[in-house]
Amino acid sequence: SEPRQLAKIHRRVITMEGFTFGFVGVGTINSAVVKGLCTCDTPPKAVVLSPRNAEKAAALQAAFPDRVTIADSNQAVLDAADWVFLAVPPGPPAATAALKDLAFRAEQVVVSLVAGVSPELLHEHCQPVPPTSIVQAFPLPPAAEHKSTTVMVPKHAAVEAVLAKLGGVVPVDAFEVSKIPILPKKDPEMLHYMEKKLGGGKVMSQKQFLDHDRKVLRFYCFSE
């Protein structure tokens with residue numbers, strides 16, 4: 001059954017035993033995640049990187065030559081990986097273009113680090129992976145030193161165990177995209193507005209806001 005399979009994955013992932021992690025997109029955040037995982041107490045068996053951003057991929061391979069390899073294509077990453085970390089360009093059009101021709105496997109776990117996309121879009125393009133095995137997570141560059149605070153949605157015990165290797169983890173129940181048209185993008189009063197007017201939660205970044213009961217992660221779009 002699916003719960004029993006997830007429990008088995010959770011037990012194994014505590015040490016990442018036998019898992020190959022694939023990374024589609026090798027930008028700043030994925031690079032930090034790779035560094036953090038490869039230097040934690042129980043690193044993954046293998047890490048496979050996409051060829052996008054060849055300079056960063058080559059640097060990671062040089063730093064971890066016994067663990068990191070570079071695939072010939074994004075599909076080759078998926079073919080080799082048990083877990084797939086997505087860090088393609090943000091937004092629905094760019095994410096759709098990057099994902100629409102990829103073939104996932106039902107038993108894979110997908111961790112999306114892509115900003116500005118809905119769970120529904122990920123479910124559509126990551127089929128046949130079930131929605132219960134697709135998680136959106138938002139680590140920060142300090143993940144490289146195991147000092148990130150990572151918000152993830154929805155809750156998923158095995159993914160939380162992996163992200164905990166990168167620092168603190170805040171699992172939340174839901175994801176929303178909202179708009180605040182009255183604020184310019186870099187208005188100095190923005191943080192005060194978000195903290196005081198939107199329920200006393202925590203500002204994660206210029207565009208992320210975790211509500212006061214830590215159950216909903218909201219992404220905000222600001223007018224210019």
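This is a predicted model: local features need pLDDT of at least 70, side-chain atom pairs count only at pLDDT 80 or more; totals for chains, interfaces and linings use all residues.
I took local features at pLDDT of at least 70 and side-chain atom pairs at pLDDT 80 or more, while totals for chains, interfaces and linings use all residues. Numbering starts from 1 along each chain as its sequence is written, and side-chain values use heavy atoms, without hydrogens and water.

I looked up the strand order. The open sheet has eight strands in the order 3-2-1-4-5-6-7-8, with mixed pairing. Strands (E, at least two residues) and helices (H or I, at least four) are DSSP runs numbered from the N terminus. Pairing needs at least two DSSP bridges between two strands. Strand 3 (68-70) and strand 8 are the edges, each pairing on one side only.

**Strands 7 and 8.** I checked residues 148-153 against residues 167-171. Strand 7 and strand 8 pair in the parallel sense over five bridges. V151 sits opposite V170 in strand 8. From strand 7 the chain passes through helix 7 (residues 157-163) to strand 8, a right-handed β-α-β crossover (clockwise from first strand over helix to second, strands pointing away from the viewer).

**Helix 3.** I then turned to residues 54-63. Helix 3 lies across strand 2 and strand 3 (contact: heavy atoms within 4.5 Å). Helix 3 runs at about 145° to strand 3 (angles from 0 to 180 degrees between N-to-C directions of axes fitted to C-alpha atoms, for helices over the stretch in contact).
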